[in-house]
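Try each task before reading its solution.

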Amino acid sequence: MFKNVLTTVLIWLTALIVSGVFVWLLSDIVIHGLPRLSWAFLAEAPKNAGRSGGIGPIIISTLSILLVAMVTATPLSLATAVLLSEFTENDSVIGRLVRRSLDVLAGVPSIVFGLFGNAFFCIYLGLGFSILSGGLTLACMVLPILIRTAEEGLQATPDDYRLAAAALGMSRSATLVHLLLPSAAPALIAGLMLGVGRAVAETAALIFTSGYVDRMPDSLLDSGRALSVHIYDLSMNVAGGDTNAYSSALMLILLLLIINSIAMSLAKQWLHRDIVLYE
Amino acid sequence: MKKLVMFVTLILLIGAVWFFLRTKPDDTKVEKLVLTGSSTVAPLAAEIGKRFETLHSNVRVDVQTGGSSRGVSDARAGLADIGMASRSLKEDEKDLLSFTIALDGISVILNKANPVEALNKQQIVDIYTGRITNWKDVGGNDAAITVVNKAEGRSTLELFLHYFGLKNTDIKPQVVIGDNQQGIKTVMGNPNAIAYVSVGTAEYESSQGAAIKLLPLESIAASVENLRNRSFPLSRPLNLVTRGEPAGLAKDFIEFARLPQVNDLVEAQYFVPVPR
């Protein structure tokens with residue numbers, strides 16, 4: 001009896017601590033960041049090294065970098081995940097090789113991706129400090145997350161589906177498009193969210209690739225400062241930048257929430273429409 | 001709800017496509033000037049760049065960070081038009097030219113709650129080399145000293161080592177930091193920490209109520225005032241670095257950065273304009 005009570009108390013306590021940390025963090029950012037947040041702040045360009053003015057160009061740069069990263073990484077990772085789960089045996093040489101290299105890639109610190117991106121995209125390919133370099137570097141970084149979650153989602157679909165589809169004479173590609181991908185949609189979207197989260201929070205990889213310029217970008221080949229780099233610079237390098245750092249951090253969280261909810265409802269519409277799975 | 005989400009997404013996509021496909025008639029005429037290097041100089045260079053852009057409509061000044069050593073090597077390799085370094089050039093860097101745009105000093109800082117009011121040169125050396133590890137040995141509380149050092153490649157570190165005649169391998173740090181603000185925040189959060197940061201930044205932060213104090217050096221108070229009259233011993237120049245005599249746009253920019261018209265920008269970043 002006593003043991004039961006103790007366990008219950010401990011579990012509740014853990015849950016309380018975890019959500020407490022989250023609430024503390026969020027309320028700290030909201031309390032410090034909300035007073036400065038306004039439409040003007042979102043639209044204006046930074047002034048005086050970011051101490052005054054807004055974050056308009058920085059939001060645009062962040063979204064552009066994210067767009068490049070996701071547009072590049074999503075098809076690549078979907079294709080790899082399909083290869084791994086549908087077209088190779090689990091213990092085949094190629095499957096093991098790809099999985100092992102993805103696991104290594106997932107464990108690489110982001111600063112290493114930054115240095116790689118700087119050496120390869122900026123210097124070797126001649127893209128310079130640009131939104132394109134930053135986006136492609138982030139694409140490399142989120143690949144493992146996207147692939148592994150998509151693969152797990154595909155593998156979780158029951159084999160019955162594949163067998164039934166084959167018995168009905170559906171081609172493999174039709175089975176994939178109409179049956180397997182829609183039923184794996186929740187996992188695909190969850191992976192996408194994780195990827196977006198990791199990408200939008202990235203600082204180290206972007207400071208060397210998409211750069212530090214806080215002007216409104218004209219094209220993907222311009223350098224553009226991401227929100228996370230801006231927050232880092234304001235809080236760690238610019239004296240008196242703390243208030244705007246808080247407001248930018250609040251904006252980053254809001255941005256993430258908006259992207260997540262859009263992606264979630266899109267997934268519900270597009271992918272779940274094709275398939276009815278009420279068992 | 002569904003329609004609303006579709007609508008928002010559509011608008012966003014159209015906006016993104018328009019944004020990157022809109023025609024730019026003058027694009028070919030735009031000249032780009034790339035500066036890389038010291039994160040201390042970067043905000044100042046970016047502000048000067050913005051003012052420079054307003055005077056030259058088809059010029060874009062791109063400022064990137066990464067530390068003084070990076071600025072020097074990028075300028076030498078031609079990866080940047082101008083490098084930024086928050087120190088003087090070293091002996092083996094004399095193949096480059098440097099142009100001072102502002103002055104900055106380095107101050108040793110302690111938490112306000114620390115009773116120690118001053119340290120002499122030898123005491124600072126002993127603390128940083130680990131010969132003194134407790135504040136009570138220099139007249140403070142009985143508490144272990146937290147030594148905060150700068151990361152390799154930071155010019156603040158090089159200047160500090162040079163002034164105190166130390167090697168980085170001699171230093172026994174508990175915390176290694178990157179930027180000035182990080183040093184200030186570390187000391188604010190730890191009453192037994194000692195760190196060294198830019199005088200301008202430290203003076204501003206302490207005037208804004210940060211719980212730090214600036215220690216005098218050789219009995220001279222660490223202040224922007226004493227930097228300006230050049231009496232404070234531990235100071236550094238903020239330099240623009242070029243390979244060979246600057247020409248064209250780089251020359252215009254460097255000349256502009258040294259004019260009195262940008263003094264307000266220098267002071268806004270808590271640095272001291274170069275007397276001329």
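**Exercise 1. The interface**

How many residues of chain A are in contact with how many residues of chain B?

Solution. Keep in mind that this is a predicted model. Start by counting residues on each side: 39 residues of chain A touch 39 residues of chain B. Next, turn to area. The size of an interface is often given as the accessible area lost when the parts come together. Here the area buried between chain A and chain B is about 3200 Å², with carbon and sulfur atoms giving 53% of that. Finally, look for the main contributors: in chain A, Tyr212(A), Arg215(A) and Met236(A) lose the most area to chain B, and together they make up 19% of what that side buries.

**Exercise 2. Polar and charged pairs across the interface**

Find how many salt bridges the rule gives between chain A and chain B, and inspect one of them.

Solution. Side chains of opposite charge can pair when their charged atoms come close. Applied to this interface, the rule finds seven salt bridges. As an example, take Arg60(B) and Asp222(A): their closest N and O atoms are 3.3 Å apart, which is a salt bridge because the cut-off is 4 Å. Now widen the search to polar contacts, and the count between the two chains is 17 residue pairs.

Which elements of chain A supply at least two residues each to the side that touches chain B? They are strand 1 (46–47), helix 3 (56–87), helix 5 (110–124), helix 11 (227–236) and helix 12 (242–272). The largest share, six residues, comes from helix 12 of chain A. Sorted by class, this side of chain A has 21 nonpolar, 11 polar and seven charged residues.

**Exercise 3. A helix pair in chain A**

Describe how helix 3 of chain A packs with helix 6 of chain A.

Solution. First place the pair in the fold: chain A has 12 helices and two strands. Then take the geometry. Helix 3 and helix 6 (residues 131–156) of chain A pack at an angle of about 35°, and their axes are 6 Å apart. The crossing of helix 3 and helix 6 of chain A is right-handed. Their contact is made up of 21 nonpolar, 10 polar and two charged residues.

**Exercise 4. A salt bridge within a helix**

Explain why Arg162(A) and Asp159(A) are separated by about one helical turn.

Solution. Begin with the pair: Arg162(A) forms a salt bridge with Asp159(A), and the closest N and O atoms are 2.8 Å apart. Then check their positions. The two are about one helical turn apart because they lie three residues apart in helix 7 (residues 159–167) of chain A.

Terms used. Residues are numbered from 1 along each chain as its sequence is written. Chains are lettered from A and ligands numbered from 1 in the order in which they are written. This is a predicted model: local features need pLDDT of at least 70, side-chain atom pairs count only at pLDDT 80 or more; totals for chains, interfaces and linings use all residues. Side-chain values use heavy atoms; hydrogens and water are left out. Contact means heavy atoms within 4.5 Å. Buried area is the accessible area (1.4 Å probe) that two parts lose on being put together, summed over both. A salt bridge is a side-chain nitrogen of Lys or Arg within 4 Å of a carboxyl oxygen of Asp or Glu. A polar contact is a pair of N or O atoms within 3.5 Å; within protein, one must be able to donate a hydrogen and the other to accept it, and residues adjacent in sequence count only if both atoms are side-chain atoms. Helices (H or I, at least four residues) and strands (E, at least two) are DSSP runs, numbered from the N terminus. Ala, Val, Leu, Ile, Met, Phe, Trp, Tyr, Cys and Pro count as nonpolar, Asp, Glu, Lys and Arg as charged, and the others, Gly among them, as polar. Axes are lines fitted to C-alpha atoms, for helices over the stretch in contact, and angles run from 0 to 180 degrees between N-to-C directions. A crossing is left-handed if the near helix is turned anticlockwise from the far one by less than a right angle, and right-handed if clockwise.
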